[in-house]
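Good morning, and thank you for coming. Please look at the sequence and the structure as I put them up, and I shall then take you through some selected features.

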Amino acid sequence: MKHSDTNGDSSSKLTRRSVLGATATAAATSLFSAPASASARPPLARPVLLQLFLRQGMDGCSLVVPYADPNFYNLRPTLSIPPPGASGGALDLDGFFGLAPSASAFLTPFNDGRLLFVHASGSHDPTRSHFEAFARMEVADPSLPLGVVTTGWMTRYLNAVVPGSGALRAVGANPLLPLSLRGAPKTLPIPDFTSFSFPGRLLTSAERQATITAAYTHYPAPLGTAALDTIAAFGLGGVDFDAYVPANGAVYPSSDLGRRLRAVAALIKADIGIEVFNIDVDGWDLHANIGVASGEMSRLMSDLARSVEAFYLDMAAYLDDYILFGLTEFGRHMRENFSAGFDHGHGSCLFLMGGGVNGGQVRADWPGLFLDDLDQGDLAITTDYRDVLGEILKKRLGLTDLAPIFPFHTYTDHGFLS
Amino acid sequence: MALQSSIQDVHARLGLPPQSGRSFELPPPPRTSAQPSALDAARRAYRRHFLATLSGGAGAGAATPLPTPDRIRRDPVLALVHRITNGFNLAEYERARALGYEAYLEEQLAPESLDDSELEERLTRYAILGLSPKQAHQTFENDTLAAALQLKSMVLTRAVNSRRQLKERMAEFWRDHLNIDHAKGIEWALLPETELTVTQAHALGTFPGILSASAFSAGMQYYLDNWLNVRGAAQENYGRELLELHTLSITGGYYESDVKEVAKCFTGWTLNGRQSSPDWLRTTFDPSQHTPGPKFLLGQRVPEGKPHASATFLPGQGEAQAVLDLLAAHPSTALFLSRKLLKWFLTPTPPESLVQRVAETYQDTGGDLRAMLRVILARENLSFASPVYAPKFRRPYHFVTTLLRAFSGRIENGFETMSFLTGLGQVPLQCAPPTGYPDTVENWGPLILPRWSFSATLLQPLFGNYRGVRFPLMPELEELVGYDRGLGNRRGVAQRIGERAFGGTLAPREVELLQEYIDGYPGDFDTSALFDCLCLASSMPGFQWY
C-alpha cells in the first residue's frame with residue numbers, strides 16, 4: 001500500500017499557540033522590515049545549518065508511529081505506541097501517522113507548519129553496523145569503506161561556499177567532532193560554551209597567550225589550526241551564556257541537548273559568523289528495555305522534542321536564519337526482540353525545521369510493513385537522506401551543484417522546501 | 001492485533017526496580033579562578049615589550065616541522081618509558097636507565113615480580129574494591145554516583161601510581177577494545193568484579209583468555225545485552241560487536257548471517273536473577289533458553305565444545321566457548337589485534353610486514369600477549385633509525401595521567417580529575433559506544449582548550465586548589481626542574497623543565513620560547529612564575545605527543 005504523502009490540510013493546524021502565530025508572522029516580515037521588538041540585525045545571507053545527529057539508531061516508528069499500517073501492530077504487539085484515541089495513544093498527525101505522546105512538544109512547530117517529518121528515509125547502508133553507517137552517512141561516499149573520499153559532507157559544503165569573515169565557521173557541540181565535519185576549515189569542538197577563554201592567572205595571561213600562539217603558529221593540522229582557531233575565537237563574540245534569556249518565554253530542558261541548543265541560539269543571534277553547528281544526541285541504541293511509553297525511549301523523545309520546541313520558540317524572530325534537521329544512521333528492526341527492545345534496522349524518520357520548510361506534514365512514500373515490503377525485516381528506505389539534505393543545500397543555502405557534496409548520487413527534488 | 005502497549009521491564013527478571021535514565025552526570029569542572037590582581041607599572045611595561053617582541057618575531061621563521069622528539073629518539077630507554085607508562089616520570093626513567101632497555105622491559109612484562117603492595121593498600125580505601133555484583137548492588141543501590149566515582153578513581157589510581165605501568169597501559173587498551181560503559185544500566189554494580197576478572201587478571205595474559213573472560217563476565221553480558229539472548233528470539237547485540245569490534249573486524253570476512261548464528265550460540269547465557277543467591281547478577285547458563293540444533297559460523301559447523309567453567313556439562317553450554325575459540329584462531333583476528341597493538345605502542349601507520357610478524361607470533365603462541373609485545377617493543381623498533389616509530393598523540397586521559405605522574409602526584413580520590421576528564425571527553429569506564437575511545441590525533445587534536453584549562457588549574461603554586469591528588473613539597477619540585485630560588489638563576493630552566501619534568505617532549509623552538517618567557521619575567525622569578533612556566537610547557541604542542 002502506498003500512503004499519499006501530501007496533506008493539503010496542514011494550514012488548519014496552524015496557531016495551536018497564539019504566541020507562535022504572532023512571532024511567526026513577525027519572522028515572515030523580518031526579511032523586509034525588522035520588527036522593533038525582535039531581531040536587531042538584518043537576516044543572515046545564508047541560514048545557519050544545524051544538524052542534530054541522533055546517534056546509534058533512533059527508532060523512527062516509535063517517534064512517528066505508522067498506526068494505520070495494517071501490519072504495524074502485528075510486528076510490534078507490545079512495544080508500540082497505540083493508535084490515537086486509545087489510552088496513551090499517538091497524537092494524530094494526518095490520519096496515518098501519529099506522534100509519540102512524549103514527543104508532543106514537536107506539535108508546536110509542526111502545527112505552525114514549520115516542522116516536517118520525512119518517514120521511511122535514511123541511508124542505504126546494508127551492514128547494520130553503527131560505525132559503517134556513520135561513515136557512509138557522514139562521509140556520504142557510498143563506496144566506503146573502500147572509497148576515496150575522506151572529508152565529511154559538511155566539510156565539503158563549507159569548502160563549496162564563499163566563507164564569511166567569522167573566526168569560526170563550524171562548531172561541534174560535543175568533545176569529538178563528527179565525521180560530517182572531519183577536516184573542516186575553522187572548525188572546533190566546543191562541548192562547554194561557558195568557559196571559552198584563555199585560562200590561568202590574569203597577571204601573565206597576555207604573555208602566556210602570546211607564547212602559546214607563537215608555539216602553535218605554523219604547527220601542522222589538526223593541532224596547530226585548532227589551537228590558533230581556539231585563540232582567535234576566545235570569548236565567542238562576548239556572548240554571556242549564563243545571562244542569556246531566551247525569547248518568547250522559551251524554556252530549554254537542562255539536558256546536554258537543551259543546554260547546547262540554548263547556546264547555539266545565543267550564538268546565531270549574536271551573528272559571529274558560525275555557519276554550521278552539529279550536536280550529537282546519544283543514547284538511542286535501545287536493544288533492550290526500550291520503554292517507548294514511559295522508559296528510556298520516552299525520556300529521550302521528550303527531551304528531543306522539548307529542546308527543539310524551545311529552540312523554535314526562542315528563535316521565532318530568526319526563523320529564516322537557520323535550518324535545523326535531525327537524522328540518525330539507521331532505524332531499528334520492525335519486530336520486537338525478547339529483550340523488550342529492537343535490534344539494528346534500516347529506514348527511520350528524520351525531521352527538518354526552519355524557514356522555507358513545507359512543514360506541518362509527514363512526507364513518506366510509505367513502503368508498507370508486510371514481509372515482502374521489508375528490507376531484511378526492517379523498514380525499507382524510500383527517501384534517500386541525501387535528497388533531503390540536497391534540497392536544503394540547493395534551496396536554502398544557494399548551492400547549484402551537489403556533485404561535490406554528495407558524489408555518485410542522483411538528486412531528486414521532493415518539494416520538502418519551497 | 002494487540003494494541004495495548006504493555007511495557008515489559010526486563011529488569012524485573014533480575015529482581016531489580018525499573019531503570020530510569022543515566023544518573024551519573026558529574027558537575028562541570030570548576031572554572032579556573034583568575035583573580036584580578038593589581039598590575040604594577042613595571043609589569044605593564046614588560047607586557048607591552050613582550051607582546052611587541054613576539055608579534056614581530058613569531059611566525060617569521062619556517063614552518064615548525066612535525067613533532068620531532070629528537071631527545072627521545074636518541075635514547076631508546078626514554079622512548080620505551082614514554083610508550084609503556086602512563087606518563088614520563090624522572091625517577092622512573094632513571095630507574096629504567098639503570099636497569100637497561102631489555103631488563104626494564106622484561107620487568108614490566110612480568111608485573112607479578114613488582115611489589116605493588118603500597119598501591120594495593122591504598123586501593124583498599126575504596127569500599128567497592130572486590131565486591132561481588134550482589135554486594136556492590138546492595139551496598140551502593142542508593143548511591144550509584146559514589147559507586148561510579150570509586151570505580152573510576154581506582155582506574156586512575158592504578159594508572160598513575162602502580163609500579164606495573166605496562167600492565168596498566170594494556171589495561172587501558174583492553175578497556176577500549178572490550179569496552180563497557182558503567183552507566184548504560186547496572187554495569188556500575190558488575191564492573192567491580194569484571195574489572196578484576198577481565199582487565200586486571202588478563203591484561204598481559206593471552207588474547208583467547210581475555211576474550212573468554214570478557215564474554216562470560218557479568219559486565220559484558222549486561223552491557224551488550226547478551227543476558228537477554230534467548231531461544232527463539234536471539235538478541236544479536238553482543239554477537240555483532242564480538243565479530244566487528246572484538247575479533248575479526250568489519251573487514252574480517254563475515255556476513256550478517258554469521259552475526260545471527262553467533263547470537264544463537266550465545267543463547268542461554270544470562271545473569272543470575274535469584275536475589276537470594278550469593279551469585280545474584282553473576283553470569284550463569286540456562287540450558288532451557290539455549291537454541292538447540294546445528295549452527296554454522298564462517299562456513300563451518302560450530303562444535304559442541306567443552307563446558308565453560310563448570311563441572312557439569314549442560315547441553316549447548318560449550319557452544320559459546322567454541323565460537324570464541326574459532327574466532328580467536330582466525331587469521332583476521334590475529335591481524336586485527338596485531339595492527340591495533342602496533343598502533344597503540346608504536347605508530348599510527350604500522351607497516352604490513354610488521355603486522356604480519358606480530359600476527360605470526362600470535363598464531364605461534366596461541367595469542368600470548370607478552371610474546372607479541374616483545375616483537376612490538378623490540379629495541380630496534382624504538383631506536384633512532386627505526387622506520388616504524390612515529391610520534392603518538394596523547395589522548396586526554398593520557399595527557400592528564402602524564403601531568404600527574406610528572407610531578408609524582410599520589411591519587412587520593414578522582415573527583416576533581418574526573419570533572420576535568422568530562423570536559424576533555426574521556427572519562428574512564430564511561431564510553432557509551434562499544435568501540436571504546438578513539439586513539440588518533442584526528443579525533444582528539446581539535447579539542448585543545450580543555451587541556452590548557454587543566455594545566456592552568458593543576459599547575460598553580462603548590463598545586464593550588466587541586467583536590468584529590470597529593471604532591472611533593474616545593475624543594476623537591478625545585479630540584480626536579482633544577483631551579484634554585486635562592487640563587488635566582490634562570491639560565492637553562494626551560495631546558496630542564498623540558499627534559500626533567502616532561503621527558504624531552506618539547507621541541508627546541510618550544511624550549512626557546514619558554515626560556516624567552518622566563519628571561520623576560522620582571523621582578524622575582526618566584527613560585528608563581530615557575531608554575532606559569534610549567535603550565536606553559538605542558539600547553540605546548542610538543543607535550544601533546546609522546
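Helices are DSSP runs of H or I with at least four residues, strands are runs of E with at least two, and both are numbered from the N terminus.

Before I continue, a word on the source. This is a predicted model, in which local features need pLDDT of at least 70 and side-chain atom pairs count only at pLDDT 80 or more, while totals for chains, interfaces and linings use all residues. Residues are numbered from 1 along each chain as its sequence is written, and chains are lettered from A and ligands numbered from 1 in the order in which they are written.

The pLDDT is the predictor's confidence in each residue, from 0 to 100. Chain A has a mean pLDDT of 89, and 89% of its residues reach 70 or more. Over residues 4-37 of chain A, however, the pLDDT is below 50, and this stretch has 48 contacts in the model beyond near neighbours in sequence. Two residues are in contact if their C-beta atoms, placed from the backbone, lie within 7 Å.

How is α10(A) placed in the structure? Because 17 of its 19 residues are buried, α10(A) is largely enclosed by the rest of the structure. A residue is buried if 20 or more other C-beta atoms, placed from the backbone, lie within 10 Å of its own, exposed if 12 or fewer, and partly exposed in between.

Helix α11 of chain A, residues 385-396, is mostly covered, with 9 of its 12 residues buried. Among them are A:Tyr385, A:Leu389 and A:Arg396. The elements covering the buried residues include β5 (115-122), α5 (130-139) and β9 (322-328) of chain A. Just after this helix, A:Gly398 takes a positive phi of about 75 degrees.

Next, A:Ala263 has its place in helix α9 of chain A, residues 256-270. A:Ala263 is buried, with 24 other C-beta atoms within 10 Å. Leaving out residues up to four places away in sequence, A:Ala263 touches A:Phe193 and A:Phe241.

Two loops of chain A also deserve attention. In the loop between α7 (205-216) and α8 (223-233) we find A:Pro222, and the peptide bond from A:Ala221 to A:Pro222 is cis, with omega near 0 degrees. In the loop between β8 (276-281) and α10 of chain A lies A:Asn289, whose phi is positive, about 55 degrees, although it is not a glycine. A:Asn289 counts as buried, with 23 C-beta neighbours inside 10 Å.

I turn to chain B, whose secondary structure comes to 26 helices and 6 strands. Of its 546 residues, 52% count as buried. Helix α10 (residues 187-202) of chain B packs with helix α11 (residues 207-215) of chain B at an angle of about 170 degrees, with axes 9 Å apart. That makes α10(B) roughly antiparallel to α11(B), a description for angles over 145 degrees. Among the residues meeting there are B:Val198 in α10(B) and B:Ile210 in α11(B).

Definitions and conventions. Axes fitted to C-alpha atoms, helices over the stretch in contact; angles between N-to-C directions. Parallel < 35°, antiparallel > 145°, perpendicular 65-115°, else oblique.
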